[in-house]
Amino acid sequence: MPIRNNIRKLRFEHGELTQQALAEKVGVTRQTLIAIEAAKYSPTLELAFRIAAIFGKPLDEVFQHEPE
Amino acid sequence: MDMSFREKSAWACLVTTGVVFVPYFAFIAQLASNGELILPRVVVAFVAAVLAQIVLVSVYMMVIALRTRQEPRDERDTAIESRAFRWAHWTLVIALWLLVLGGVFLAPVFPQLISVVFVGQLALLSFVLSELVHYGTLVHGYRRGY
């Protein structure tokens, strides 16, 4: 079930936040954040909320479900 | 390739297990085909293989630890590890059942093959195969993202 996201765009809108910095803020490795950003790994709901909270956005503005 | 400490560790274990145990089982197969599969030779080969793996893994892990930032396990690591354990578990179960069924059906046909040492080596092969599947699944999971 593909989950698209706008993390890359949001990182740049938030002062070019690096993947490493965002990963540290939400408590995952940089490789995990890269996998999420590339839509290769779908985060748990808890992690998705943590990422959305960093950007101060509701969940559906960060992650979108893409029907197959 | 940008790899985490855990992915590098998985590669280290996969490569060293293959490098050590493929020649080990080739040697065991050679002994078996020559009718020389006796306990003292097998024990020496096994101890040598285990020591070789301990040394290789230790050296590799020290190099990785010095060159790679270590981070706590996150949810993706846990998900990948769960899948790797599940695949390894089924590999071990299937291999051991094949060993048991093979013993039951082949023992009357090839009685010369069935010895404690031979069956022990097949059991060890099952464990090593499940380890290879475990580390291989870890590496595959990290490479594809999940």
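Is E16(A) buried or exposed, and how many other C-beta atoms lie within 10 Å? E16(A) is exposed, because 8 other C-beta atoms lie within 10 Å, and a count of 12 or fewer marks a residue as exposed. The model is predicted.

**Chain A: two loop residues**

E16(A) sits in the loop between α1 (7–13) and α2 of chain A.

A39(A) counts as partly exposed, because it has 15 C-beta neighbours inside 10 Å. That count falls between the limit of 12 or fewer for exposed residues and the limit of 20 or more for buried ones.

How do α2(A) and α3(A) meet, and at roughly what angle do they cross? Their axes cross at roughly 105° and come within 8 Å. The two helices are therefore roughly perpendicular to each other, since that term covers angles of 65 to 115 degrees. From α2(A), the residues involved are Q19(A), Q20(A), L22(A) and A23(A). They meet R30(A), T32(A), L33(A) and I34(A) of α3(A). By class, this contact has four nonpolar, three polar and one charged residues.

The largest nonpolar core holds 14 residues. Which of them touch the most other members? They are A23(A), V26(A), V28(A), L33(A), I36(A), I51(A) and V62(A). Three elements of chain A give two or more residues to this core: α2 (19–26), α3 (30–37) and α4 (45–55).

Leaving out residues up to four places away in sequence, V26(A) touches L47(A), R50(A), I51(A) and I54(A). One of these, I51(A), is listed with V26(A) among the core residues that touch the most other members.

**Chain B: overall layout**

Chain B has four helices and zero strands. Read from the N terminus, its elements run α-α-α-α. The C-alpha trace spans about 55 × 30 × 20 Å along its principal axes. Chain B has 146 residues, of which 22% count as buried. Consider the contacts in chain B with a separation of 6 or more: residues 24 or more positions apart account for 89% of them.

Two packed helices are described by the angle between their axes and the distance between the axes.

| Helix pair | Angle | Axis distance |
|---|---|---|
| α1(B) (residues 5–33) and α2(B) (residues 39–67) | about 160° | 10 Å |
| α3(B) (residues 75–106) and α4(B) (residues 116–144) | about 155° | 8 Å |

α3(B) is roughly antiparallel to α4(B) because of this angle, as the term applies to angles over 145 degrees. The crossing of α3(B) and α4(B) is right-handed. Their contact has 17 nonpolar, seven polar and three charged residues.

α1(B) and α2(B) are therefore roughly antiparallel to each other as well. α1(B) passes α2(B) in a right-handed crossing. By class, the residues of this contact are 19 nonpolar, four polar and two charged.

**Chain B: one residue in α1**

Where does I28(B) lie? It is in helix α1 of chain B. I28(B) is buried, because 23 other C-beta atoms lie within 10 Å. The cut-off for a buried residue is 20 or more. Neighbours within four places in sequence aside, I28(B) is in contact with V42(B), A45(B) and Q121(B). The C-alpha atoms of I28(B) and A52(B) are separated by 16 Å. These two residues are 24 residues apart along the chain.

**Between the chains**

How many residues of chain B are in contact with chain A? Nine residues of chain B are in contact with 11 residues of chain A. On the side of chain B that touches chain A, one residue is nonpolar, two are polar and six are charged.

Notes: Residues are numbered from 1 along each chain as its sequence is written. Chains are lettered from A and ligands numbered from 1 in the order in which they are written. This is a predicted model: local features need pLDDT of at least 70, side-chain atom pairs count only at pLDDT 80 or more; totals for chains, interfaces and linings use all residues. Two residues are in contact if their C-beta atoms, placed from the backbone, lie within 7 Å. Ala, Val, Leu, Ile, Met, Phe, Trp, Tyr, Cys and Pro count as nonpolar, Asp, Glu, Lys and Arg as charged, and the others, Gly among them, as polar. Axes are lines fitted to C-alpha atoms, for helices over the stretch in contact, and angles run from 0 to 180 degrees between N-to-C directions. Angles under 35 degrees count as roughly parallel, over 145 as roughly antiparallel, 65 to 115 as roughly perpendicular and the rest as oblique. A crossing is left-handed if the near helix is turned anticlockwise from the far one by less than a right angle, and right-handed if clockwise. A nonpolar core is a set of buried Ala, Val, Leu, Ile, Met, Phe, Trp, Tyr and Cys residues joined through C-beta atoms within 7 Å.
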